[in-house]
Amino acid sequence: MNEHNSFIKSDNELKTKAYQAVKNSQDKVRQDPYRLHYHIMPSVGLLNDPNGFVYYQGKYHLFYQWNPFGTNHSSKFWGHFSSKNLVDWHEEPIALAPSSWFDKNGCYSGSAIVHEDQLYLFYTGNVRDENGDRETYQCLAISSDGVNFDKKGPVVQLPNGYTAHFRDPKVWKHEEKWYMIIGAQTEQVTGTVVLYESIDLISWRFLGPITERQDFGYMWECPDLFSLNDKDVLLFSPQGIEPEGYHYQNIYQSGYFVGKLDYQEVSYQHGRFEEIDRGFDFYAPQTTVDNKGRRLMFGWMGVPEENEQDHPTISHHWIHALTMPRQLELKDGKLFQHPVEELVNLRKEAVIYSDVVIKGEKIQMPRVNGNAVELFLEVKENASRQFSVSFGNNTQVLFDQENKLVTLKRKSMKSNQLEKRQCHLNDFKNVRIFLDASSIEIFINGGEEVFTTRIFDDVKNDSIYFHSTGKMIIDINKWELKQV
């Protein structure tokens, strides 16, 4: 009883310190002109992976990795937001604090499921022993109200043949059993995903790796397996992939396989790896199914170790944000991403121009500007080799019809020089762009290709202009978006 009371006190003390950190820095944070208007971001400190995304008791619950004490990746709590409509988010009390022997160096990423009207959180407890060596535990916490969580401790220990880089459990139900996948690193320093099964969510049986690629990185993080169109999609974030042409340009990637999981043989037959986002800042996506049957996804609008120390928001005591919620569809073996339909509720008055003719010049349209806007462009005719949309001083989206290429340019946080990300695109039909103070999310051809990126430009320059090298006719729809 004394030990239990000590844990409760320690847990409460950590949460109290976190709330005090928020209070100490919140005024400085709010003064930052790069604060976003309609995205989820930390009140202070560092935010990274979305965790425990789930629909429970009439609300969407979204947890996230959070260090309230600084803008580095030291202490990790589970912060918590909830929403009834995927637009208006309410910050809930801290869900998990690193207060126990099995998570004392961080409550790392994981997932959530609903069982018998209770919310189960599965997460990785990160521990450093007295020699600084890593220990890892897959842990469980349960709530009956979606706000207060009772830690149950470890339910999965590290199996033989794997290093302590063994984390990020994702749990789902298939037929009459529960299954868990975990991102892992073998003792041969290759990445993989392993599978467990359970009948009660407490006792888990190790089934082994579902797929292994000796040539595909040294660690696979944040795995998520789900079914769409009778296919099993494995979404994950591999580390250690070398750049290859336009592919794998960030330090770490996020993408997916499409295939079929054989639960009896514990094997996953799949196609090639596809990157899910082509921008500078996207990692650790997580999905859920909501009460409407939609497969929804959030991603972290950042990448670990990717020039994080150069983010200008650090001087205002915060860093990183989450993407907008997206709905996933599988078409001909490719994931398409759509901003969820509820986001239309962010729109204010529309500014619409039909059949705009651009003849090799740069143009601006009245009232088509702003730094918290949605922009939808549809191509009616295109006899131009190149077409671009530019935002402010340094951000540009360029469509090269001749070379079948799309390019996103921004100003580097590190060097102040322009840098770019690119991918092939056979045809440019339309683009939907969400701009928000220091972020841009670009959905091309109904979500066929997506670019997610943080941008740190002159916030006073909210101009938007269009340019073509030849004749084009386009429709332009623009909405100011409200702050939530």
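This is a predicted model: local features need pLDDT of at least 70, side-chain atom pairs count only at pLDDT 80 or more; totals for chains, interfaces and linings use all residues.
Student: Why is Arg410 called buried?

Tutor: Buried means under 20% relative accessible area. Arg410 has 5% relative accessibility, so it counts as buried.

Student: And what makes Glu419 partly exposed?

Tutor: Partly exposed sits between the buried cut-off, under 20%, and the exposed one, over 50%. Glu419 comes in at 21%, so it counts as partly exposed.

Student: How do you know that Glu419 forms a salt bridge with Arg410?

Tutor: Check the distance: a side-chain nitrogen of Lys or Arg has to be within 4 Å of a carboxyl oxygen of Asp or Glu. The closest N and O atoms of Glu419 and Arg410 are 2.9 Å apart. That is within 4 Å, so the pair is called a salt bridge.

Student: What makes Arg30 and Asp27 a salt bridge?

Tutor: Their side chains meet at 3.9 Å, N to O, and the limit is within 4 Å, so the label holds. Both residues lie in helix α1 (residues 2–30), three residues apart, about one turn of the helix. Arg30 is exposed, and so is Asp27.

Student: Which parts of the chain does the salt bridge of Arg294 and Glu342 link?

Tutor: That pair meets at 2.8 Å, N to O. Arg294 is in the loop between β18 and β19, while Glu342 is in the loop between β22 and β23, 48 residues apart. Arg294 is buried, and so is Glu342. Both belong to a network of salt bridges that also includes Asp290, Lys292 and Glu341. A search of the whole structure turns up 29 salt bridges.

Student: Why is strand β14 said to be largely enclosed?

Tutor: Count its buried residues. Strand β14 covers residues 231–239, and eight of those nine are buried, so the rest of the structure largely encloses it.

Student: How do you know that β13 and β14 pair?

Tutor: Pairing takes at least two bridges between the strands. Eight bridges join β13 (residues 219–228) to β14, so they pass that test. The two strands run antiparallel, and Ser227 has Asp232 in β14 as its bridge partner. Their hairpin has two residues between the strands, and Asn229 takes a positive phi near 50° there.

Note on methods:
Residues are numbered from 1 along each chain as its sequence is written. Side-chain values use heavy atoms; hydrogens and water are left out. Buried means under 20% relative accessible area, exposed over 50%, partly exposed in between (1.4 Å probe, protein chains only). Helices (H or I, at least four residues) and strands (E, at least two) are DSSP runs, numbered from the N terminus.
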